[in-house]
Amino acid sequence: MNKILGFDLGGTKVLAAVLDKDFNILSRVKMKANADLGLNSVYKVICSVINDACDEAGIKTSDLSAIGGCAPGLVEPKTGLVYDSPNLGFKDFPLQENLSKDFNLPVKIENDVNAGLYGELHFGAAKGMKNVLALSPGTGVGGAIVIDGDLYRGARGGAGEFGHIVVQPDGPLCACGQRGCLEAIASRTALSQQILSFAVRGRIPMVIEEAKANLKKVKSGLIARAYNSGDPDVKAIIDYAARYLGVGMSNLVNSFNPEAIILGGGLIEALPEPFLEISTRVMREQAMRINGEEVKVLAAELGDDAVIKGAAKLASQLIA
Ligand SMILES: [Zn+2]
């Protein structure tokens, strides 16, 4: 097997890497996605970043065996059609087919959380496991499912939307239109909003100093610093979110009886302790004993590389 290119298309940036046959990363290139310039511009950036990662690795794109990539949003399991990725302006966009034509290579496009869990399954926190779930509180709350060693995508690619499990009927409104979804309570977006609403009322001085009233500046790093400084309001907000993450996890554990749940994303990287500890305790309290007592709750290990490696591993199966 020759080299494989993996890329991670996010809402704001595209990261591409060339990997060798053992999935070691040989080169790495990152660019802004330019989502505000429209779909064609995003597609051009993906092509440029693929070319540049190959240049950096000292190879031509024709030296690649396959390309594996991911998109944030719903992806049709077979065709790699990106149904809907609102941040990028993708709607029924044939990303897999277009790249395959333009680079004359086998291409596999996967949902980003699925690719990340597949990476952790083969190279990271879930190595050696067979039944694993992922949960990642970020802009939303992403989820993914591995059953008997394979990704489970559902009939149309929509399985694992754990962010929209209702954990609090009549709770806060979610972007999907329902109330009380896990995402409306435990996503980084929901936490940032709550923290900022306290800050503008004169509480949480650290946040108002650093972020002013700008929601976009209330990122994981600032949330973690405010938490670790002992601010009681931030602690209350985070502990509450972690508790509901645990409620969501107890539902998942009873539905799937996994060996482990892998928690990922920038917020968990910045604040592993309260999230892992509190959510695990609540999950064990609420799940059926047999399902809950042995399930491990682990932090993801590979960071940004999880998606790249997972996508590359999936693409490698096209040529195996
Ligand atoms: Zn929802």
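Predicted model: local features only at pLDDT ≥ 70, side-chain atom pairs only at ≥ 80, totals over all residues.
1. Residues are numbered from 1 along each chain as its sequence is written, and side-chain values use heavy atoms, with hydrogens and water left out.

2. The chain splits into domain 1 (3-119 + 304-319) and domain 2 (128-299), with bounds from an automatic or database domain assignment. Their centres, taken over C-alpha atoms, sit 26 Å apart.

3. On the interface: 12 residues of domain 1 touch 18 of domain 2, contact meaning heavy atoms within 4.5 Å. About 1200 Å² is buried between the domains, 63% of it from carbon and sulfur atoms (accessible area, 1.4 Å probe, that two parts lose on being put together, summed over both). On the domain 1 side, Val113, Asn114 and Leu117 lose the most area, together 46% of what that side buries.

4. One salt bridge is counted between the domains (a side-chain nitrogen of Lys or Arg within 4 Å of a carboxyl oxygen of Asp or Glu). Glu110 and Arg153 form a salt bridge at 2.7 Å, N to O.

5. Now the helices (DSSP runs of H or I, at least four residues, numbered from the N terminus). The axes of α3 (residues 112-123) and α12 (residues 305-319) come within 7 Å and cross at roughly 85°, so the two are roughly perpendicular (65 to 115 degrees). Among the residues making this contact are Tyr118 and Phe123 of α3 and Val307 and Leu314 of α12.

Conventions
Axes fitted to C-alpha atoms, helices over the stretch in contact; angles between N-to-C directions. Parallel < 35°, antiparallel > 145°, perpendicular 65-115°, else oblique.
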